[in-house]
Amino acid sequence: MDILKILAKLPAGYAEDVAGFDTGRLQTEVLKCETNIRQVEQEKEADEKLSGAKSLVKDLSAPYRDAVAAQRAKIKYLLHVLEERGQLPEGEGVAE
């Protein structure tokens with residue numbers, strides 16, 4: 001855990017405030033943070049605009065994804081043919 005990276009992401013003064021917390025207060029703060037994360041994630045899931053944007057990106061990127069998948073399928077088949085012909089170097093078989 002790189003504490004410097006973590007400290008850089010904290011709100012100003014948070015580390016100083018927490019330094020005075022006892023164990024029970026630290027545990028309460030962890031629970032509060034987890035509850036906040038859950039609420040934000042639920043709001044994100046309910047965000048229709050975000051869902052629409054994700055769907056649009058998925059739809060728009062489909063041809064590119066399909067093109068790459070087709071090229072990868074061709075490569076796998078070509079490697080299979082080369083392997084059948086014994087023309088692949090040792091240990092270069094087609095991985096499944």
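**Chat about a predicted helical chain**

User: Is L7 buried or exposed, or in between, and why?

Analyst: L7 counts as partly exposed because its relative accessibility is 40%. Buried means under 20% relative accessible area and exposed over 50%, with partly exposed in between (1.4 Å probe, protein chains only). This is a predicted model, where local features need pLDDT of at least 70 and side-chain atom pairs pLDDT 80 or more, while totals for chains, interfaces and linings use all residues. Residues are numbered from 1 along each chain as its sequence is written, and side-chain values use heavy atoms, leaving out hydrogens and water.

User: Which helix does L7 lie in?

Analyst: Helix α1, residues 3–9. Helices are DSSP runs of H or I with at least four residues, strands are E runs of at least two, and numbering goes from the N terminus.

User: OK, the whole chain now. How many helices and strands are there?

Analyst: The protein chain has 4 helices and 0 strands. Its radius of gyration is 26 Å, well over the 12 Å that the globule rule gives for 96 residues, so the chain is more spread out than a compact globule. That radius is taken over C-alpha atoms, and the rule is 2.2 Å times the number of residues to the power 0.38.

User: What box do the C-alpha atoms fill?

Analyst: Roughly 70 × 40 × 20 Å, along the principal axes.

User: And how many of the residues count as buried?

Analyst: 6% of the 96 residues.
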